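Work through the exercises below with the sequence and the model side by side. Try each task before you read its solution.

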Amino acid sequence: EVLEIVDIPMPETAEGAVLIEVIAAGLNPADSRLREGLLAERMPAHFPQGQGSDFAGFVRATGRGVTQCEVNDAVIGHASRASHATHLTVPATNLTPKPPHLPWEVAGGLFVTGTTAWAAVNALGIAAGDTVVISAAAGGVATRRGLRALASFRARSSPAGPSVAPRRSAWVTAARGAAPETPPSGMLDP
């Protein structure tokens with residue numbers, strides 16, 4: 001009820017940046033919290049402003065010095081409050097290639113949750129024999145990358161399993177192809 005669609009000039013591509021034609025854009029919990037003013041101390045909002053951070057699309061122009069992508073590359077990325085647009089510019093460092101097997105609507109919501117999960121997985125330093133529990137496996141970070149990480153953990157001979165609230169167990173099993181396991185003693189999922 002407070003959002004409106006407006007026409008703005010086509011963004012210009014600066015040095016180190018790329019122009020993206022947005023095919024799909026995601027919405028994260030932080031986006032709605034921003035609008036409600038709940039993140040004002042960490043991320044002040046100045047309305048009117050753009051909305052959204054995750055996107056998937058095609059590179060349509062590159063600024064001087066951009067070498068990591070080319071025009072017509074399919075990419076996913078992160079924009080600071082600007083992904084809900086037909087076109088946007090972002091630093092080339094905010095992009096990664098779109099996984100070719102992912103539908104656009106999935107890729108458009110992958111970047112923030114995906115990079116969060118990827119950083120967490122890499123920070124763990126999993127070794128053979130380690131037990132890994134992915135808590136709150138029905139949440140965005142776990143479902144986007146966490147359950148896929150199970151295959152990686154299991155390939156390293158590490159027992160791994162998602163931990164979810166009982167009401168989400170069937171959904172995780174059906175939608176994500178991973179059977180939830182009983183959390184270790186003392187660990188409760190809300």
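Two strands pair if DSSP finds at least two bridges between them. Helices (H or I, at least four residues) and strands (E, at least two) are DSSP runs, numbered from the N terminus. The model is predicted: local features need pLDDT of at least 70, side-chain atom pairs count only at pLDDT 80 or more, and totals for chains, interfaces and linings use all residues. Residues are numbered from 1 along each chain as its sequence is written, and side-chain values use heavy atoms, with hydrogens and water left out.

**Exercise 1. The overall layout**

Task: State how many helices and strands the chain has, and in which pattern they follow.

Solution. 
- Step 1: Count the elements. There are five helices and seven strands.
- Step 2: Read along the sequence. The pattern is β-α-β-β-β-β-α-α-β-α-β-α.
- Step 3: Check burial. Buried means under 20% relative accessible area, exposed over 50%, partly exposed in between (1.4 Å probe, protein chains only). Of the 190 residues, 34% count as buried.
- Step 4: Look at contacts, meaning heavy atoms within 4.5 Å. Take those between residues at least 6 apart in sequence: 69% of them join residues at least 24 apart.

**Exercise 2. Strand pairing**

Task: Find how β1 pairs with β4, and over how many bridges.

Solution. 
- Step 1: β1 and β4 pair in the antiparallel sense, over five bridges. Here A17 has P91 in β4 as its bridge partner.
- Step 2: β1 also pairs with β2, antiparallel, over seven bridges. I20 stands opposite V59 in β2. E21 stands opposite F58 in β2.
- Step 3: β2 pairs with β3 in the antiparallel sense over five bridges. The bridge partner of F55 in β3 is G77.
- Step 4: Keep one rule in mind. In a regular strand the side chains alternate between the two faces of the sheet.
- Step 5: Inspect the loop between β2 and β3 (74-78), where N72 has its place. Phi of N72 is near 80°, a positive value in a residue other than glycine.

**Exercise 3. The nonpolar cores**

Task: Which residues of the largest nonpolar core touch the most other members?

Solution. 
- Step 1: A nonpolar core is a set of buried Ala, Val, Leu, Ile, Met, Phe, Trp, Tyr and Cys residues joined through side-chain atoms within 4.5 Å.
- Step 2: The largest core has 13 residues, and V18, I20, F55, L88, V90 and L95 touch the most other members.
- Step 3: Assign the elements. β1 (17-25), β2 and β4 (87-91) each give two or more residues to this core. β1 gives the most, with three residues.
- Step 4: A second, separate core has six residues, including I76, A107, L110 and F111.
- Step 5: Return to L88. Leaving aside neighbours within four places in sequence, L88 is in contact with P11, V18, L19, I20, V22, F55, A79, A82 and S83.

**Exercise 4. The aromatic pair**

Task: Why is the pair of F58 and W104 called tilted?

Solution. 
- Step 1: Rings of Phe, Tyr and Trp (its six-membered ring) pair if their centres lie within 6.5 Å; planes under 30 degrees apart count as stacked, over 60 as edge-to-face and the rest as tilted.
- Step 2: A search of the whole structure finds one aromatic pair. The ring centres of F58 and W104 are 5.0 Å apart and the planes are at 55°, so the pair is tilted.
- Step 3: F58 is in strand β2 (residues 54-62), W104 is in helix α2 (residues 104-107), and 46 residues separate them.
- Step 4: F58 is partly exposed because its relative accessibility is 23%. W104 has 25%, so W104 is partly exposed too.
- Step 5: Look over the face of W104. K98 lies there, 4.8 Å from the ring centre. A charge sits over a ring if NZ of Lys or CZ of Arg is within 6 Å of the ring centre and within 35 degrees of the ring normal.

**Exercise 5. M10**

Task: Is M10 buried or partly exposed, and which residues does M10 contact?

Solution. 
- Step 1: M10 is found in the segment before β1.
- Step 2: The relative accessible area of M10 is 48%, so M10 is partly exposed.
- Step 3: Leaving aside neighbours within four places in sequence, M10 is in contact with L19 and H87.
- Step 4: M10 and L88 are 78 residues apart along the chain, and their C-alpha atoms are separated by 7.9 Å.
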